[in-house]
Amino acid sequence: MISRRNKKLAFLLAMMLVLSIFAGCGGQAGEEEPGGETATIPVGINVELSGAVASYGSNARDGAVLAIEEINAAGGVLGKQLEGLQRDCKSIADEAMSVSAALVGENIVAQIGPLTSGNVAGSTPIMMENKIPLIAPAATAANVTVDEKTGETRGYIFRVCFIDPFQGTLMAQFAAENLEAKTAAIYGDTSSDYAKGLAAYFKETFTEMGGTIVAEEGFVKGDRDFNATLTKIKGSNPDFIYVPGYYEEVAPLIKQARELGITAPIGGGDGWDSPDMISVAGAEALNNTFFTNHYSSQDTDPKVVDFVEAFKAKYNKEPDSFAALGYDCVQLLVQAITEANSTDPQKITDALANIKDFQGVTGKMTIDEQHNPVKAGVIIEFKDGSQTVNTRIQP
Amino acid sequence: MQEKSKSWLQFLLEVIVLVLLFTLVQYALSAGLVNQSYQITLTSMCINVILAVSLNLINGFTGQLSLGHAGFMAIGAYVSVIITNFMDLPFIAGILGGCLAAGIAGFVVGVPTLRLKGDYLAIATLAFGEIIRVVLQNIDYVNGPAGIMGITKLTTWPWLYWAAIFTILIIVNLMNSSYGRAIVSIREDEVASELMGINTTRYKVLAFVIGAMFAGLAGVLYAHYFYIIRPETFNFLKSFDMLVMVVLGGLGSTTGAIIAAVFITFLTLALQKYAAMRMVIYALTLIIVMIYRPQGLMGNKELSRKTFSGIWGGRK
Amino acid sequence: MLEFLQQMINGLSLGAIYALIALGYTMVYGIIKLINFAHGDIMMVGAYVGFFSITLLGTDIVVAMLAAMIFCAILGVIMEKVAYRPLRNSTRIAALITAIGLSLFLEYITVVILGPTQKVFPASAFPVKAYNIAGLSILNKQVFVFVSAVLLMVILQYIIKRTKTGKAMRAVSLDREAAVLMGISVDRTISITFAIGSALAAAAGVMIGVYYQTINPLMGIIPGLKAFVAAVLGGIGLVPGAMVGGFVMGLLETLVMGYGNSLYRDAVAFGVLIIILLIRPTGLFGKNTGEKV
């Protein structure tokens, strides 16, 4: 019985091998013509609506949807209405790829999202293959838009957020110069490549400027208890604590740090930007904390004020940075469509690559040759419960 | 007697059907009849089939509840990417390396833990799976939590299809051999089979290692199709997904596992539009199927020629 | 030494929360041999009930906790009746899959209704004060969490050891068939077990809300998993085991974070679990019962 089965198997395996060789000669699938004359302009919104980072994805989605509604109410683009096709990528890279492919099948002219660098990476090959632009709201890893192996820019991938090196370096300079810190502790989100990136560049710049890193610790997404590590950090008595991560973890972290009697200044990146920071950590705990950001939601710039008001009116909540970035993605796309005077994905891509001085909610930006936005950074300080701009850094 | 004399003919028929199916899809792919979305679904389908069928060997046939399958998949994925992308060796080396590494990991995990029974084994394997993930997250060589991005796409339809068929064949043949009967006897009554002189530990470890190797194979194919791998992808929820396929199909039914894997893959695709609601629908599907058909779609029966001949009213 | 004591305080409050969740796991397991993976999500529902009780109804924290406990007790009973009872005589793995299904259902129905974004427990619900005792910083919320957890455990222990219901629970868990013959209503006893376990989880949920201030629909997954590990650590099915397991887990995590590499916290927790299982497969307090042939 067994030997016969084995013979069968051997035969089958041989068949497989032969066939696979033949199959390898098969040609590639032809490409469909994207675009075409349609009544609306379909825009893919491929974001995380379930899974680990569902809250970021849905906030960015809310921002993007608001932008689409505003544009449509103002008459649309090139006389056509935008149509946002919302899809959930489950916070998984392979699902992001699958969703992108499905969206491409629906003739989208561009895709907004996903949020995290990893999920954007999942989506990237599909966008590149089909030559349709992707605008990432919050993917900050340097290699999202640039292929590290070849050094070439990924032609169809854009973003509206800072990249990791910028923020980490900025905060290190600020800590060393403005706060005159000699020693620093890093306590970041190690489950996020974003926070890890910020931490790495902070460390590099801070040590270059003569500072010493006295402690390096990490937490992971979903953690709510930081007392143990904070107690340890307190023992090393740093002049400054760098906490790159997202507000969901950072807010309770800062609160617990202050409760333990840590008074050193604490700094972070744009992941801190949320109204929840103040409601969770409290105004008092947040004193003497700083973060790098694109803009301040309490900015008096009319563009920001209008956005915050419209967002509050529609969703009955305050926008966080993801919402603002999602909003800007759509606005940037609209500017590109207008400049290209076409809904052809290739022409939109070319226009995107040449965007100059686009005025978004998160600041004025110009897309550079690596498809990163060049925009001003601000260092925001929490003072008695409100965000105040401490320092403005022009690019 | 008739069965035996016909077996070569039937075998040839099987081969023709398999090859025909392969060629048909291959033709459709090369003629551009399958859009990209379905190409990806097809890929997920094959990978899920490999995962479900191999997990079914451990959970269904051997009766050992394992919740760490995603960990072995991760090892296969990471090791193969190191081989193909970091060391620039051919894909076949990556496949062999990935399977071997996952198999070794299966052995290392299996030998101590398979002494445990039931829920204790479940939690121990879950713990091992999570440890693998945490360790990967802390290895800078593979970029920690960010994962490896820009993996060369080497997984093609022939690889996927024949890997899935290969997995099914090996496991079906294993289960039809004396090894298979020993394995099933462990599930039915471990003490009794031990008294019959079966070295139960040996067979449990064997099944576990084979299962882990195929999980590794699925990982290799996954990594070389989906462009990026991250430790987070292989968390315990991924193991749960695989378990769901196995139980939905019917524990101890290879055809059931295949059907469930295909069904779940299409369900996932069909629900993409429904945002968070998709997970509610998915959850309800699970609960309802379990309440009304707790033995799974197929029970422990197989869908085979006999099933069909029964339907056609043929001889018994 | 001071730092070590501080770490112990941190660990005890974390452990108290784990222990409360672990109790529900272990009670349900003890009585129907089911790993109720939805247990962590019941805790999440409890946290939301507490949140709405405070924000919408303006109740204080004790009332909010009671409301959450009652709501979740009912939810637990309904879950058992609708989803688990029909499966009582099928394989345990089918029940396990149902539990996973229920877990996903609770998580995502909350996402659909309330959105995935976190909600902030109002700080006014529990004004935080810090006490400085001999250089140690102890917060009133730590005391609150620890004391109410211990109080609930004492009540639970009383119910199990001293009341008729508790006797019935122990009887059903020991031998269901024999319990039926003794005239114990198995269905009722199982319902009560679910009610108590879920109520404890709800209390833990509200405590997490108070302690960490934010709640979100997916908050139950990780504490649920950790509490489950704690239950196994102590010997699953054993009430004192779950309490000790919870505290061991809390202290262990705190020590790894405080003195080891915080990145390997989860790996160490799971590693210890595996070692315990290999040395004492029935957990710290489990009795090794021989297998019946």
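Two rings of Phe, Tyr or Trp (for Trp, the six-membered ring) count as a pair here if their centres lie within 6.5 Å. Run that over this predicted model and the whole structure gives 43 aromatic pairs over all chains. Two of them are laid out below.

| Pair | Geometry | Centre to centre | Angle between planes |
|---|---|---|---|
| A:Phe307 and A:Tyr327 | tilted | 4.6 Å | 50 degrees |
| B:Phe86 and B:Tyr141 | edge-to-face | 5.2 Å | 90 degrees |

Take the chain A pair to begin with. It ties together distant parts of the chain, with A:Phe307 sitting in helix H11 (residues 302-315) and A:Tyr327 in helix H12 (residues 321-340), 20 residues apart. Both A:Phe307 and A:Tyr327 are buried.

Over in chain B, the pair again joins distant parts of the chain: B:Phe86 belongs to helix H3 (residues 69-86), while B:Tyr141 is in the loop between helix H5 (118-137) and strand S1 (148-149), 55 residues apart. B:Phe86 counts as partly exposed because its relative accessibility is 32%, and that class runs between the 20% and 50% cut-offs.

Finally, a couple of charges sit over rings. In chain A, A:Lys317 lies over the face of A:Tyr315, 6.0 Å from the ring centre. In chain B, B:Arg202 does likewise over the face of B:Tyr203, at 5.4 Å from the ring centre.

Notes:
Residues numbered from 1 in each chain as written. Chains lettered and ligands numbered in written order. Predicted model: local features only at pLDDT ≥ 70, side-chain atom pairs only at ≥ 80, totals over all residues. Heavy atoms only, no water. Phe/Tyr/Trp six-rings, centres within 6.5 Å; stacked < 30°, edge-to-face > 60°. Helix = DSSP H or I, 4+ residues; strand = E, 2+ residues; numbered from the N terminus. Buried < 20%, exposed > 50% of the residue type's maximum accessible area, 1.4 Å probe, protein only. Lys NZ or Arg CZ within 6 Å of the ring centre and 35° of its normal.
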